Amino acid sequence: MTPAMSVIVPTWNEARYLPRLLESLRAQTVQAFEVIVADSGSMDDTVNIARAAGATVVQGERKGPGEGRNRGVRAAIGDVVLFADADCLLPPALVERVFDALEDRTVIGGSTAFAPENGTRFEHVLFRAATAYQKVMTECGFPHNAGYCFFFRRAAFSRLGGLREDMLLNETHDIAMRSRSLGRFVFLPVVVETSMRRFRKYGYARTIFAEYIASTLIYYVTGRTPSEQFRPEPAR
């Protein structure tokens with residue numbers, strides 16, 4: 001039977017985190033989905049782990065997560081595409097809640113709440129503030145999409161031309177903003193946990209101010225985030 005959803009995971013050397021994400025997918029209350037791992041030249045055991053779990057692996061060059069997600073969509077057969085980062089843990093009812101949200105035919109996509117896995121008190125406060133900002137912006141008609149976990153009707157994603165591959169940051173905000181021409185992009189109050197590896201490797205100041213806040217402000221002003229200026233290094 002054709003799956004109703006395709007879960008797409010962009011990867012590059014994610015052997016440490018990918019098994020936990022795949023386990024959280026196996027624990028979903030609704031199992032009507034395929035898993036597509038869009039790998040970009042991993043040199044560790046990522047591809048073997050994905051294939052052993054029954055995922056479809058779509059290999060390509062390392063050009064950034066936006067390109068990987070687009071590559072995954074081209075291989076997808078589900079009517080809905082759900083994007084999840086490899087270092088995320090999904091709550092058991094996530095897939096079910098996405099299908100519930102899409103029962104409203106005006107909804108064409110959405111993002112979730114997010115929280116730090118095994119985070120400190122400061123990290124939880126930081127992520128609650130970021131989640132609240134995403135929720136308020138979305139409900140005010142300026143959808144914000146941090147990119148940890150989000151979903152689209154596949155037809156709508158294709159009509160939008162997918163994610164912009166010329167941006168290494170804010171490409172997920174960009175498609176959420178552009179999606180307003182087709183329908184409603186919603187905030188789903190389901191908490192997805194993510195690792196704090198980037199914050200802990202490169203520091204809070206660099207990650208928050210130099211990457212996230214500065215790049216987002218530039219995007220809002222200019223409509224783009226220059227990849228030559230904002231090229232975040234992987235945190236592995």
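## Exercises on a predicted model

R71 lies in helix α3, residues 65-75 (helices are DSSP runs of H or I, at least four residues, numbered from the N terminus). The model is predicted, so local features need pLDDT of at least 70 and side-chain atom pairs pLDDT 80 or more, while totals for chains, interfaces and linings use all residues. Residues are numbered from 1 along each chain as its sequence is written, and side-chain values use heavy atoms, without hydrogens and water.

**Exercise 1.** Decide whether R71 is buried or exposed, then find its side-chain polar contacts.

*Solution.*
1. Take the relative accessibility of R71: 6%.
2. Apply the cut-offs: buried is under 20% relative accessible area, exposed over 50%, partly exposed in between (1.4 Å probe, protein chains only).
3. R71 therefore counts as buried.
4. Look for polar contacts (N or O atoms within 3.5 Å; within protein, one able to donate a hydrogen and the other to accept it; residues adjacent in sequence count only if both atoms are side-chain atoms).
5. The R71 side chain meets that of S40 at 3.0 Å. It meets the side chain of E67 at 2.7 Å.

**Exercise 2.** Find out how many disulfides there are, and check C88 and C149.

*Solution.*
1. Recall that a disulfide is a covalent bond between the sulfur atoms of two cysteines.
2. Use the rule: two cysteine sulfur atoms within 2.5 Å.
3. The count comes to zero.
4. C88 is in no disulfide; its nearest cysteine sulfur, that of C149, is 6.6 Å away.
5. C149 is in no disulfide either.
6. C88 is buried, at 1% relative accessible area. C149 is buried too, at 2% relative accessibility.

Technical notes:
Helices (H or I, at least four residues) and strands (E, at least two) are DSSP runs, numbered from the N terminus.
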